[in-house]
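Thanks for coming. I will go through one structure, a few residues at a time, and keep to what can be computed from the atoms.

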Amino acid sequence: MNIDSLTGLVVLITRPSNQLPITQKALEAAGARILSLPLIEIRALTDRADIQKLKDKVLDLDNYHCLIFVSNNAVSFGGEVINDYWPQFPLGVNVIAVGPTTAEAARQKLSCEVTHAASGMTSEDILRLPLLQDVDGMKIGIVRGQGGRELLADTLRGRGATVDYLEAYSRVPVEYESSDFCERLSAAGVNVLSVSSGESLDELTSLLIGNRQWMQETDLLVPSQRVAERALMAGYTKVHNAGGADPASFITVLGELRSNPE
């Protein structure tokens, strides 16, 4: 992509601060200007009971048939604990990641083979993997943050698996005053909004609900069809599904917006 292909676009990036630099650098390299306002912060566990619960499950890791990482944060925080207790990743545990970026991070972190779906970067995509079709009697661990979607676990349990959550971090909303948030968008000249999850969409909506012009007149990038449908139901009218939350997916859709403005 040409260095100036996104010139004229001013993009709001709402990713957690630990994920912002890679996305911001990639979009700026393609010519966009960025306003970074994280809506969710990722934090290490602090509650002793939560830490012990994670440790107990990690110590039992060799009894799992499959381990699923739902995000880069899951790899970063969960992988750190795994490496503390398993210098060599246990043999016989299949590792799956949601998306190629998370898969590569898991390979590097754990020094093991990792599978991901070629069809997309959602829970629905990895649920179509052959490895997860016949799971009756299997023990499966899902490494994630506290809370989140239940689709993956519910579907696998419906197929006969025993499913545990290895919750390795927490997500905390960042507090903004709605009026101040909207003023910062205006001052920066933002003409594209973006979110990386349904949770960040909900936080953005709560901040814009008093100024629905932003929701009705500004392009919104989302990472999946599920989040796109959720955005439309919330009142956004110019929603674009990037098919992933990674910088390359965002840049592709931004390039289309830049080439074909309404």
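How many disulfides does the count come to? With a disulfide taken as a pair of cysteine sulfur atoms within 2.5 Å, the count comes to zero. Take Cys 112: the closest cysteine sulfur, in Cys 66, is 11 Å from its own sulfur, which is too far for a bond. Cys 112 is buried at a relative accessible area of 15%, where buried means under 20% relative accessible area, exposed over 50%, and partly exposed in between, with a 1.4 Å probe and protein chains only. Cys 182 is buried as well, at 7%.

Some housekeeping. This is a predicted model, where local features need pLDDT of at least 70, side-chain atom pairs count only at pLDDT 80 or more, and totals for chains, interfaces and linings use all residues. Residues are numbered from 1 along each chain as its sequence is written, and side-chain values use heavy atoms, with hydrogens and water left out.

Next, the helices. Helices (H or I, at least four residues) and strands (E, at least two) are DSSP runs, numbered from the N terminus. Helix H2 covers residues 48-59, twelve residues. At the start of H2, Asp 47 places a side-chain oxygen within 3.0 Å of the backbone nitrogen of Ala 49.

Helix H1, residues 20-29, contains Leu 20. Leu 20 is buried, at 8%. Leaving out residues up to four places away in sequence, Leu 20 touches Ile 13, Arg 15, Ser 36 and Pro 38, contact meaning heavy atoms within 4.5 Å. Ala 188 is 168 residues from Leu 20 along the chain, and their C-alpha atoms are separated by 17 Å.

Now Asp 125, which is in helix H5, residues 123-126. Is Asp 125 buried or exposed? Its relative accessibility is 10%, so Asp 125 counts as buried. The side chain of Asp 125 makes a polar contact with the side chain of Thr 122, at 2.8 Å. A polar contact here is a pair of N or O atoms within 3.5 Å; within protein, one must be able to donate a hydrogen and the other to accept it, and residues adjacent in sequence count only if both atoms are side-chain atoms. Beyond four places in sequence, Asp 125 touches Ala 117, Ser 119 and Gly 120.

Thr 122 comes up again with Ser 224. Ser 224 touches Thr 122 and Asn 241, not counting residues up to four places away in sequence. Ser 224 lies in the loop between strand E9 (219-222) and helix H10 (225-234), and at 8% relative accessibility it counts as buried.

Two other serines. Ser 111 is in the loop between helix H4 (100-110) and H5. Although Ser 111 is not a glycine, it has a positive phi of about 55°. At 67% relative accessibility, Ser 111 counts as exposed. Ser 194, by contrast, is buried at 2%, and lies in strand E8, residues 192-194. The side chain of Ser 194 reaches the backbone oxygen of Leu 12 at 2.6 Å. With residues up to four places away set aside, the residues that Ser 194 touches include Val 11, Ile 13, Leu 220 and Phe 250.

Last topic, the aromatic rings. How many aromatic pairs does the structure hold? There are two, counting rings of Phe, Tyr and Trp (its six-membered ring) whose centres lie within 6.5 Å; planes under 30 degrees apart count as stacked, over 60 as edge-to-face and the rest as tilted. In one of them, Phe 77 and Tyr 169, the ring centres are 5.5 Å apart and the planes are at 35°, so the pair is tilted. Phe 77 belongs to helix H3 (residues 72-85) and Tyr 169 to strand E7 (residues 162-173), so this pair ties together parts that are 92 residues apart in sequence. Phe 77 counts as partly exposed at 22%, whereas Tyr 169 is buried at 3%.

Two charges also sit over rings, by the rule that NZ of Lys or CZ of Arg is within 6 Å of the ring centre and within 35 degrees of the ring normal. Lys 139 has its charged end over the ring of Tyr 64, 4.6 Å from the centre. Arg 144 lies over the face of Tyr 165, 3.5 Å from the ring centre.

Notes
Expected span 1.5 Å × (residues − 1).
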